[in-house]
Amino acid sequence: MAAVATCGTGAGSTGSMVAAGSKNNVTSFQRRGPRASGSDSSYSRLVSIAGTRPSVRNGQLLVSTGLPALDQLLGGGLAVGTVLLIEEDKYNIYSSLLFKYFLAEGIINGHTLLVASAKEDPADILQELPAPLLDDNVKKDFDEDACNHKTAESNIKMKIAWRYQLLPKMEAGPVSSSRFGHYYDASKKMPQELIEASKWHGFFFPEKSSSTLNIEPCSLTHGYIKLLQFIQNTIYEEGFDGSNPQKKQKNILRIGIQNLGSPLWGDDICCTENGNSHSLTKFLYVLRGLLRTSLSACMITMPTHLIQNKAIISRVTNLSDTVVGLESFIGSERETNPLYKDYHGLIHIRQIPRLNNLIYDVSDVKDLAFKLKRKLFTIEGWRGRSFPNLKI
Amino acid sequence: MPPHAQPRVPQPSNGKSRRQDSVPKPKQRPDTFRKPVSTADTGSHHHQRPPRLTVRICLRKSGEQVHILGCEVSEEEFRAGFDSSINSRLVYYDFFRDPLNWAQTGEALPGGPLGALQAMCERTDPGPVTVALDSLSWLLLRLPCAALCQALCAMSRQHACRGGGPAAEQLCVLGLLHRELHGPGPMGALSSLAQTEVTLSGTAGQASAHILCRRPRQRPTLETLWFSVLPDLSLDLQGGPPLESQPHPDPHTPQVDPASHLTFNLHLSKREREAKDSLTLPFQFSSEKQQALLRPGPGPATSRIFYEPDVFDDLDPEDPDGDLDV
């Protein structure tokens with residue numbers, strides 16, 4: 001197994017396949033050759049799924065979240081089989097942008113999408129996706145931004161750290177479509193032919209819901225049951241859980257669920273404190289089980305600022321794998337505070353999972369702020385005015 | 001029974017906040033604000049007549065239908081004061097007289113208030129329509145909040161499907177809400193659905209409206225307008241807050257200095273700054289040495305020695321070992 005592991009796999013689904021493959025052998029070392037069992041040949045196919053790469057730490061298969069800065073914060077990307085929960089900002093501007101970046105990344109990489117929403121039609125959501133930035137355009141913008149940002153500071157010759165004067169100022173650069181993680185232009189829309197060429201499944205709850213049923217307490221609400229059934233059917237029919245051995249190339253299913261927990265899903269945790277407080281947590285538990293046994297990654301946005309019972313928020317955090325909170329400065333007193341004048345909001349990394357691992361993979365910078373420039377969404381370590389910014 | 005003489009449940013004059021759900025009006029004109037108004041003929045009783053002003057302003061747009069779901073006032077009271085042309089364009093669904101349909105007259109809409117909301121959508125003609133709900137508080141007290149939110153969102157969608165045009169120009173849902181009756185949960189839930197939120201306060205003489213406008217994918221804007229209501233139910237906009245209620249103006253907000261409330265001192269006095277600048281640092285070389293070190297030379301074959309004497313070196317070319325005590 002050690003020799004096979006150089007292919008860089010480690011996700012739960014492949015783990016089960018490894019166990020199945022090796023239980024007939026005396027040792028766990030397997031020779032790679034024509035004698036190898038069928039599961040071996042699938043490893044090489046697994047690694048070459050478009051848009052994925054193994055994590056440098058533990059070989060876990062990762063997909064990009066659509067935002068390279070967020071990928072870096074999460075330790076390289078979002079692990080396949082896990083849930084990324086975004087706690088929405090108050091006016092749902094930046095969280096919906098992150099949601100769109102996630103879906104756009106799936107389209108660029110050729111992943112299958114599953115979009116679930118109770119507020120907007122998934123077809124409308126897909127029409128609003130941002131356009132990817134091509135290499136030469138991004139290079140020009142990066143140089144421009146670097147010049148604007150550094151003109152004030154570059155005139156100060158460094159007295160102590162003079163050896164660093166000749167180092168290049170800007171390290172992150174544009175990526176081509178074959179690399180991991182792309183940049184998007186939020187002001188332009190994705191070309192129609194890319195959207196039409198992609199494969200997607202939409203779940204719009206008001207269309208799927210039948211008449212209101214009587215729900216017992218402590219059970220899933222109607223909307224959640226329907227959504228789970230839809231996800232399960234999609235995974236099974238498209239073969240993402242390995243149930244139908246696919247002749248064609250394996251692919252990743254990207255699931256995006258918008259505004260989970262809002263009243264439009266039929267859940268009243270945003271309205272009352274003593275509502276059906278177990279519905280959402282049960283949903284997340286079942287969803288995580290579905291994801292762990294399939295090649296899929298899920299991003300959920302949730303309006304946690306509306307949830308009245310704070311215990312639910314901590315349960316939801318425990319049941320998700322990666323939790324990122326967004327806090328925008330719009331409308332708050334921080335908008336006029338000069339400390340925050342360069343930024344549009346703060347990002348809080350609430351939880352990072354330990355997958356097949358004993359340690360976390362957290363970044364060193366804990367105070368993070370984001371800003372949405374005219375085309376790019378950047379995340380920086382925020383240190384206040386007196387200290388230099390750490391660009392990550 | 002004359003409608004004006006009967007006192008209604010007294011409502012505080014600064015308690016109504018209005019919501020405008022689903023899609024806002026295409027134009028945000030200043031006179032589209034509704035407020036509790038004291039009718040001129042009652043004098044001492046300050047009755048609140050919010051929906052009438054609402055309807056009056058809605059009907060200024062030509063040809064636009066207005067549907068009212070009336071739960072808090074009777075239809076006669078509502079229609080009193082409007083001339084016949086406006087009254088003929090109002091479509092009123094009465095839930096005040098017989099909300100539970102005990103009289104079984106057959107006029108009532110089936111399905112209770114939720115069914116009424118759906119039926120209102122089905123009965124509207126395609127085209128710009130305003131639906132006013134008087135009031136959402138009444139509905140919230142009788143329906144689960146989640147069901148009401150879903151019904152409100154479904155209204156605009158159904159209308160858009162039938163009309164065939166862009167939803168933004170078709171249906172405007174106006175909901176009235178009594179702020180003091182609800183906790184933060186339902187208020188937050190409805191607020192997240194609304195595209196424009198107008199919070200009214202003050203009395204008839206001076207009233208203020210805080211307007212929060214959240215267009216999709218744009219930054220929300222917040223503004224405050226001060227106005228008063230004239231006896232003929234039109235609005236008189238005022239520039240700023242009335243003088244006597246204005247707090248002392250603070251013209252120069254001091255800039256927040258991040259280094260001001262620390263337990264250590266980050267500021268340098270002039271003398272300290274001069275001393276700092278004149279300090280020689282241990283690895284501070286002359287600029288030619290710096291440049292030579294930054295750019296690697298022709299190769300390891302030639303190596304240069306840089307010697308920079310510091311203040312303690314005593315160079316004597318004749319006798320280099322002069323300082324040795326031999």
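Is V362(A) buried, partly exposed or exposed? V362(A) counts as partly exposed because its relative accessible area is 47%, where buried means under 20%, exposed over 50% and partly exposed in between (1.4 Å probe, protein chains only).

Residues are numbered from 1 along each chain as its sequence is written, while chains are lettered from A and ligands numbered from 1 in the order in which they are written. This is a predicted model, where local features need pLDDT of at least 70, side-chain atom pairs count only at pLDDT 80 or more, and totals for chains, interfaces and linings use all residues; side-chain values use heavy atoms, leaving out hydrogens and water.

**View 1. A valine in a loop of chain A.** Look for V362(A) in the loop between β12 (345-351) and β13 (368-372) of chain A. Helices (H or I, at least four residues) and strands (E, at least two) are DSSP runs, numbered from the N terminus. From V362(A) to P130(A) it's 29 Å, C-alpha to C-alpha, and 232 residues in sequence.

**View 2. Strands β6(B) and β7(B) side by side.** Strand β6 (residues 196-202) of chain B has six of its seven residues buried. It runs antiparallel to strand β7 (residues 207-213) of chain B, with seven bridges joining the two; strands pair if DSSP finds at least two bridges between them. Here E197(B) sits opposite L212(B) in β7(B).

**View 3. Confidence along chain B.** The mean pLDDT (the predictor's confidence in each residue, from 0 to 100) of chain B is 68, and 63% of its residues get to 70 or more.
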